[in-house]
Structures are given as C-alpha cells and as structure tokens.
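Hi everyone, thanks for coming.

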6 protein chains.
Amino acid sequence: MTDVDPMTRFPVPEEESLPEDLRERIDEETERAGFTPNVFLAYAYRPSHFRAFFGYYDALIEDTELTRREIEMIIVAVSGANDCYYCNVAHGALVRLYGDDPLLADQLVANYRNADVDERHRAMLDLAVKLTESQAEVEEADLARLEEHGFSRRAIWDVGSVAAFFNLSNRMAQLADMRPNEEFHTLGR
Amino acid sequence: MTDVDPMTRFPVPEEESLPEDLRERIDEETERAGFTPNVFLAYAYRPSHFRAFFGYYDALIEDTELTRREIEMIIVAVSGANDCYYCNVAHGALVRLYGDDPLLADQLVANYRNADVDERHRAMLDLAVKLTESQAEVEEADLARLEEHGFSRRAIWDVGSVAAFFNLSNRMAQLADMRPNEEFHTLGR
Amino acid sequence: MTDVDPMTRFPVPEEESLPEDLRERIDEETERAGFTPNVFLAYAYRPSHFRAFFGYYDALIEDTELTRREIEMIIVAVSGANDCYYCNVAHGALVRLYGDDPLLADQLVANYRNADVDERHRAMLDLAVKLTESQAEVEEADLARLEEHGFSRRAIWDVGSVAAFFNLSNRMAQLADMRPNEEFHTLGR
Amino acid sequence: MTDVDPMTRFPVPEEESLPEDLRERIDEETERAGFTPNVFLAYAYRPSHFRAFFGYYDALIEDTELTRREIEMIIVAVSGANDCYYCNVAHGALVRLYGDDPLLADQLVANYRNADVDERHRAMLDLAVKLTESQAEVEEADLARLEEHGFSRRAIWDVGSVAAFFNLSNRMAQLADMRPNEEFHTLGR
Amino acid sequence: MTDVDPMTRFPVPEEESLPEDLRERIDEETERAGFTPNVFLAYAYRPSHFRAFFGYYDALIEDTELTRREIEMIIVAVSGANDCYYCNVAHGALVRLYGDDPLLADQLVANYRNADVDERHRAMLDLAVKLTESQAEVEEADLARLEEHGFSRRAIWDVGSVAAFFNLSNRMAQLADMRPNEEFHTLGR
Amino acid sequence: MTDVDPMTRFPVPEEESLPEDLRERIDEETERAGFTPNVFLAYAYRPSHFRAFFGYYDALIEDTELTRREIEMIIVAVSGANDCYYCNVAHGALVRLYGDDPLLADQLVANYRNADVDERHRAMLDLAVKLTESQAEVEEADLARLEEHGFSRRAIWDVGSVAAFFNLSNRMAQLADMRPNEEFHTLGR
C-alpha cells in the first residue's frame, strides 16, 4: 500500500508529538483496522478538536437506537449527497463490513434512491438526506413518517443526529481535503 | 416573560431527573444568562449527546485563534444562511453582546453580504457561508484568500470548524423545532 | 439614535429639494412613525418612481381582502426568503405592532415553516413563498388550496399581489443597499 | 384571430362595467395596438391595482435614462429567466418592433447569454438577470461594472427598476395564468 | 432571408468537402424544408458524429410508440427547460407544423405547465422535464403515473429517450453556440 | 458472482430472441470483459435504440482527439455529478483499467475537484461538469480556457460530446434503473 497523506491543506502532526490520550486512541484504531485511518491523523492537528469530534462520534455509535449498519448507511447516503470523498470511501468500507453487502455502499454513494433497501430504511434515508439537502423544510410530517415505519422518537433523534454530525464531518473533510487510506477502497469488497 | 417550550418534536426532560453533571452545567448557564437557554434543556433529552454537543462547542470557543465576536459572527451568518430560528435569535443576542453592536446581528441574519463588516471579516464570512451552502466547491484558493487577509492556517481551521459545527447545530434545531427563549429576542438591543 | 444612511449605492436627495407632494408624504410618514423611514428618502432619488412605488403599496394596503397583520406577515415571509435586510427589519417591526406579537417577526424572517401561525395562515404563506422562490411552478392547485382555507379568489389575488410587490421591493432594496432606521430594530419588542 | 382568454384563474370583467379611467386607458391601448392587450383586461379585475400597475409601468417607460429598446430587452431577458409565457410573447413582440430585429426576442427568451447584443447591453442584461435569479448576491461591484460600460448611476437605477418591476409582473402573470393575445405571437416577425 | 451562421465556436465545413453520405442527407433535408437546417451543417464538422447523432435521432422518430407531435412537444419542453435557443426555435417550428397549432410552441418554450395540453400530455411532459431537471429523483412512481394515463412501458421508454437525447442535443448546441435559421422563427405561425 | 438484473423498470429480452447484429456485439463485449455488461442487455430491449446508442458511443471512442483514459475520466466526473449508479461503477472500473490507477475513479465519483489530476485535466473536467450542471452558462470563455491548456478546438468538441452523451446515458440509466454487474465493483482495484 502506498501511503496517502491524511490531508493536504493543514499540517499533519507527528504521532510521537501528540498527547498521550490521542496516541492511545490512535493505537486502538490502528490495531482494530490494521492501519491508521487518516481521519485520526487529520484531527490530531488540533488535539482539543480531536477529542470533541471523536467524543461526539462515540456518543452517536454507543448511545443509539440504531444498528451499526443503519448508522453507516445514513453516513454514506449523507456523504454521497455531500460529495465527500473521505467519508464515501472510509464509511463505504464500513457499510460493506457491517452490512455484509459488497454493493450497497456504491449504491448509496451514487444515489440512495436506487439502493437496495427496504421501505423502512428508505424512509430513514429520506429523512437523513432531506436534513442534508433541504434542512429548512424538515417538519413534523417528516418525523411522523418514520414513526409509521416503526422508528421511535428516540430513534428519529438518532437518525437526525448522525445525519447532522456528518454534515459537520463532510465539511471538515472538504475544508482540509482529507484523503482516505488506500485500504478503505477495497475493504470488504 | 412567557415560557417558550425548548422544542416541540421531542419530550423535554424535567431538570431534576437529569444526571448531576448536566444539572451543574445547566445551573452555570442559568446563572450566567439570568435564564436557562433552551438549547440546554433540549439536548438534555439525551445526556450523552448533551455532553458531546457542548463538549465540542466548548472546544471551539476555548481553543481558538478567533475572538468570541468573530465566532458569533460566523455562527449567525451560517445560521442565517440555513434559516435557523433558534440560532439566529440566540446567537444574534451574543453578536450584540460580544460585538457591542445593536445592528450587526440583524444584518447577518438577513444577508451577510450587506453587513457592516471590514474586508477581513467579509473574507472570513465568505468561507463560512461557502462551506455552508456549496461546501463541495471549497478549494485551496478559498483558504489562501483568508491568508491574504491575515488569517493563519490554524485560524482558518477554526473558521471552518465553527461553520461546520453550526451546520450540525442548525440541523438538530430544525429537526427538533428548537425555540429560543423570549429573552434572547431583546438581549443587547 | 445614530442616523443610518438610507442607501449606499445611489445619492440621497436633500428633503428640501423634493417636489411638494413628496415632502408632504414624507412629513406624514415621519409624524406617524416618529422618524422618517429610510425607504421614503431612498425612493425620493427618483420622484416619479417614488410616486409609483408608494402608489402601488397604498393600493395593496387599502383595497384588500386581507388584514394589515396578514399583509405584514406575507411581507416578512417573502423578505426573509429573499434575504432582504431592509424589509426584514422595517416590516418585522410592523408585524410586531400590527400582530401584537413580539416573536412572530423573528420567526418569519428565519423560516416561516417554524412560525407560530394557524393552518390558514400557513397556507397563505406557502403561496406567498412559492410565488417568491419557484413562481414558475404555481398552478391552479395552489390557489384551490387557499380556497379550502376560506380565502376568496379576491383574497388570493391580494396574497399574490403583496408577495409579487415585495419581490420588486426586495430587489430594489438590494440594488440600492437600503438600510433600515435604527428605530425599526427595536420597535414593538 | 381567435380570442384568447386574458387569464384563467380570476374572472375577467366586462369592459362596460369598468371605471371610466380604465376604459379610457384600455381604448388608448386598443387603438395603439389594433387589439386590446390582455394584460389590461386582466388587471381590470381590480381597478385600484390596474392604476397602480400601469402607473408604475408608465413611470419606468417615461422617466428613464434607457431607450425603449433597452427597456424591452431587459423585460424579455427577465421574463425568459422567469419562464413567463405572457411577458415572453407580448414583450417579445415589442423587442421586435422597437429593436427592428426579428430574431433578438427569441434569443432573449431562450438564453440572453446567446443573444446578439454588444458588450454594453450584455452587461446591462447580466445585472437584470442577476437581480432576477440571485438578487441577494448583487453588490456594489455589479453596479460598478455597468458604469465601466458607460451607464450612469441613474441609468443603473432604471435597469434595476425595470428588472424588479417585471419580477412583480411575471409573478402576477403566473398567479393568474395570463395568456398573451394571439396577435403578439407574430407581430414584428 | 439573411444567412445565419450555423454555429460560432467551431468551423463550419464547406458542403462540397463533405463525404457523400452527408451530402445526400443534407440535400434531402434541404429539399424537405426548403432550406438547409443549420444543425446539419454544424454536425458536419465531424462526419462520424454527424452519422451517430442523426442515426440516433432517426431511431427515435422512426421506431416509437409516440406520434410525431408528441415527440416534438417533448423536445420543446425539454429545450425550454434547458434554455436552448437552437432547439426552441427549430423544434418550435415543428410543433407548429406537426401540431397544427400556432401557439403551443411558445407556451412550451416558456413554461410547459402553462401550455394548453390535456392531462395525458401533461403527465408525459412532467416526466420529460423531471428527467431533464432532476433526473436523479426519477423513480418507478414516475413511470407508473404515465401508465395510469395510458402510456405503455414501451411508450415510456420512448418519452424518456427523446428527453434524454435532447439533453445531449441541447448541450451540444450550447457548446457550439448553434444558431437556428431565420426561417424557423416564422414557420407555421 | 450473483447475477444482477440489468434493469428493473423495463423487461430484459432473452439473448436468443435478439437480432443477429445485437447478438454479435453482445458476444464480442462478453468476450472482452469476461461477462456481459448489463447496459448491452438493457438497451437490447429496443434493438434500433441499441444500435443508435452504441453507434454513438463507438464514434466518440474511435474518432477522437482524446485518450481513452481522458474519455473515461470525463464519463465518471459527469456520472458522479449526475448521481448515476450504473455509470459510476461500470466506467469507474474503466478509469481504473485505462488509467492504471486504483483510486482516481472513487475520487471522480465523489467530487472531481478533489481528484488527483493535473491542471490540464482539471480544466477538461471543469468544462465537462459545467456542461452537465449549468450548461446554459457555457460560453466562448469556457472553450478558450481549454485552448490555453493545449486542447485543440476538435478536442474541445470531443470533451463536450462525451459529456453531452453521458447526460443522455445517465438519464436512460436512471429511467430504467440500470444496475451494474457485480464484477464492475471490483475490476481493477
């Protein structure tokens, strides 16, 4: 594997220079994935923002009514709508892994309307993408529609929270020109 | 002052039922403002998300190259572009207070291009709003333009981070239909 | 109160130099408001256009099936959609005064979908904003929907006329960079 | 010629029932054109609005720094951008007559960027269409560009005023579904 | 008739220099129309593309479930939505000729929603324009709606194919700045 | 490999039932790729359209100033902008094969502005995507910019032609819900 620079518009710090809690997190992630996902090196540019960003991400993954596969589906549908190279590729890999499906990620990246998902997940993605592309038009009826598909209010908060967080994340990736590791392009295919 | 419900689409918890760290934060905010800003009661619906949200917000306010007035200007320009009632009004009050300017907030809510700001701040707001409205088109040249106006790369990361975070925040406010306290409408006028 | 220049992109005439009918109108408005609303000084740049503009405005206010509060609600919803600083602030004050409601104007400026209005007025604002943002898609069904909410055809013409007129007015305000008087920002709060 | 109904969504009054000043104006227009342009019968639905509308139109035509051909070019470029059937066709005929050019109107209806106009008129139409399609982005630089092409500030006000007025007019035509007389389709070809 | 250059951004070849099959086709078209439609001279710039372009066009016209009038209606609605001067005018003439209707083309150029068409053709044009303006949102429901109006699946393929082909054609006309012959502006009026 | 249906909204013909020239072409493609690309089975629904579609495609590939890698880059940038699942994946594979680059296709699918391409190819893709997303604004200056990067007028015609053709192709794929073969997702990675 060739190394890909984690981002091109801000300096990437040396790992040794980082605070211990960041190094520990980076080591954990590296062990889990077999390589260091570039987003951790990019956010390490600002340790306080690193902690805030991954703290929020952890909360969304850990305290949720959604399955991990649902979370990753939302992330890729939102990132596809936002044209985000980093998140399309890195979370596309996670959709393949958690979804045990080699095709779904490429479908969601292109156009979630053409993805092979059931009606319940289509409704979930409709809200996530509406909150991304025309958020000022989201109204009670949009939430009610998810309830008809069996989502609780708590779960709806979670759908919206994941979508909202990746509207932050996609923008930071674009600002910094974050680049996904080469490994993500093939993981789970 | 009439009480305004913090949000209409999710249940608002009783303060007494909240974990102690949330109650402490809410008490601090209440003491500082003279009333409890509704956003704290809204996020208390999900304590882990409350901690993550305000943890990120604190990092943006505390570890930054920007003045607080600049941060609030970015927030209101982004929120105006996103049509966010809660943030327009609550952070509009903060623009008036930190900026010592009774008119600037209403200008930024309407159209940051018509606001009375110098060229340096105009460039700062151009990036923040571009990252909001057409983020996929942000490129190196957009960052370079801020450097010409004296912003460091670190400061540019901060401009982008505040804009990105309020793209999260505005979406959560719209999802939940968060409503600003009556007090915010007149503070600092 | 600091004086705010009525506009920045065209010269503002001296009141004494104006034709008598303009001076009379300006005096009346000044007496009514307690200050001279800047829009009158801006349009005085071209007396024939002043007469035409306020003549149309008067017809819309005087020969109408709508209440004054409804008219001002339409104006602020349209001006918010058009990002018009002058009209947001000046007519926002009128919404507060005629509506006897300190919050509604800030809601309409941000996003009329989140405003505290009943279903009848929501339908009214839906037409006004559709005629503003995607006018080529207005069809008979849009008018029929207002009839279901009790608006007569005459009233629908009036809703559309107010919306259409402020699509003119917002554009002239943007062209000239018209600035609302400081007083409007606090009137009726 | 088959008669075309002046509009389909509001009742068209009988000419005999109209106030005398309206009848006089309609007679004058009928004499000038050889037929009664439908817009006069449509606005006659509300005599006070008829007076206001044509009063404004007259001011724009009579007190102006622009030639009549320039005014009609602006009208058709704006109406084309707004997809307005009535104004495309009726004012398209006037472009042919005042411009002594059988092709220009069809060019402006389609896409003013492909019209056979000199650079000075291209700049004029750029402002008119920007004020139509993205008015919130109009700034001093847009006006300055017209000055470079020899337009005075007064003339720039006029360019903007014609564009703004037809943003009103196009919306009323769409609301009412106004239909141009059959004659306009062939006049001046 | 003044000659209008077929296009301004690429050289137009001399007819004599063209391969024989192109000359034959051009002669046939000239005989049929009484003049040489400029699109044939424009595409002759690249003979292999000429054959491909008109080969596709011929297939759409000859192997179809649609009437020629329906095909031309789709073309002008799509070209109007795409602001294409060449196709508006040249195919507008064909709408007049095949539709035996002097007004329909100008309606379709402006706004197909205001055109005098029955509900069946309105549904047909809705799909054609949706496929033009927001193609990524076309779904099974859009096709099903045409079936309700009596279109077979084969006919729906044809509606979509004509719309898709003119999304190619309009773009080539814009790239090359193709100009319709003067004759087209008046044919069939 | 699981078989993926070539499209879901129109019937896919049995290969044996097809005219001989179609069967020959399909056999050739199958031999070349090692599997039958679904687009050939989809277009076989209408043999005359199959011939026209692939005839045009062949002309673009065979009579061109561009390299095959450049052609495939344009196709994927256009298809990414148009959110086309079929073309993103099938032509993404071709970008990997012809470009000998495992990452470029995923970059172009997401956002061609973030792709690792030189300035010359960036200019080429700028025109292709502008012709896709805002074609009515393409003007001589856009073509001149490619000349500055060494493209001849003939090459510019080719860039535009490939972009225009895939604006047809993407729309047909969306209409029919064409689905790429499973093989394309991994080819060349």
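**Around B:Arg179 and across to chain C**

Let's start at one residue. Setting aside residues up to four places away in sequence, B:Arg179 touches B:Val4, B:Asp5, B:Pro6, B:Thr8, B:Asn38, B:Tyr85 and B:Tyr86, and also C:Gln107, C:Asn114 and C:Asp116. Please keep in mind that this is a predicted model. You'll find B:Arg179 in the segment that comes after helix 9 (153–176) of chain B.

Is B:Arg179 buried or exposed? Its relative accessibility is 5%, so B:Arg179 counts as buried, the cut-off for that being under 20%.

Now for two of its partners. Within chain B, the side chains of B:Arg179 and B:Asp177 make a polar contact of 2.9 Å. Over on the other chain, B:Arg179 forms a salt bridge with C:Asp116, and there the closest N and O atoms are 3.1 Å apart.

That takes us to the interface itself. How many salt bridges does the rule find between chain B and chain C? There are two across that interface. The rule also finds 12 residue pairs in polar contact there, with both residues at pLDDT 80 or more. On the chain B side, helix 5 (85–99) and helix 6 (104–110) each supply at least two of the residues that touch chain C. Helix 6 of chain B gives the largest share of that side, four residues. Sorted by class, the chain B side has eight nonpolar, seven polar and seven charged residues.

In terms of extent, 22 residues of chain B are in contact with 22 residues of chain C. The buried area between these two chains is about 2000 Å², and carbon and sulfur atoms give 51% of it. In chain B, the residues that lose the most area to chain C are B:Tyr85, B:Leu103 and B:Asn114, which together make up 28% of what that side buries.

Let's cross over to chain C. C:Asp106 sits in helix 6 (residues 104–110) of chain C. With neighbours within four places in sequence left out, C:Asp106 is in contact with B:Tyr85, B:Val89 and B:His185, plus C:Arg96 and C:Arg189 from its own chain. C:Asp106 counts as buried because its relative accessibility is 13%.

Staying in chain C, take helix 3, residues 47–62. Its 16 residues should span 22 Å at 1.5 Å a residue, and the end C-alpha atoms are 22 Å apart, so the two agree. Helix 3 of chain C is mostly covered, with 12 of its 16 residues buried. Among those buried residues are C:Phe50, C:Phe53, C:Phe54, C:Tyr56 and C:Tyr57.

Next, a backbone detail in chains A and D. A:Asp177 has a positive phi of about 55 degrees, although it isn't a glycine. A:Asp177 lies in the segment after helix 9 (153–176) of chain A, and it is buried, with a relative accessible area of 7%. In chain D, the phi of D:Asp177 is near 55 degrees, again a positive value in a residue other than glycine. D:Asp177 is in the segment after helix 9 (153–176) of chain D, and at 8% relative accessibility it counts as buried.

Finally, which chains stay apart? Chain A and chain D do not touch, and their nearest C-alpha atoms are 18 Å apart. No contact joins chain B and chain E either, and their closest C-alpha atoms lie 18 Å apart.

Methods:
Residues numbered from 1 in each chain as written. Chains lettered and ligands numbered in written order. Predicted model: local features only at pLDDT ≥ 70, side-chain atom pairs only at ≥ 80, totals over all residues. Heavy atoms only, no water. Contact = heavy atoms within 4.5 Å. Buried < 20%, exposed > 50% of the residue type's maximum accessible area, 1.4 Å probe, protein only. Expected span 1.5 Å × (residues − 1). Polar contact = N/O pair within 3.5 Å; in protein donor to acceptor, adjacent residues only side chain to side chain. Buried area = accessible area lost by both parts, 1.4 Å probe. Salt bridge = Lys/Arg side-chain N within 4 Å of Asp/Glu carboxyl O. Nonpolar A, V, L, I, M, F, W, Y, C, P; charged D, E, K, R; others polar.
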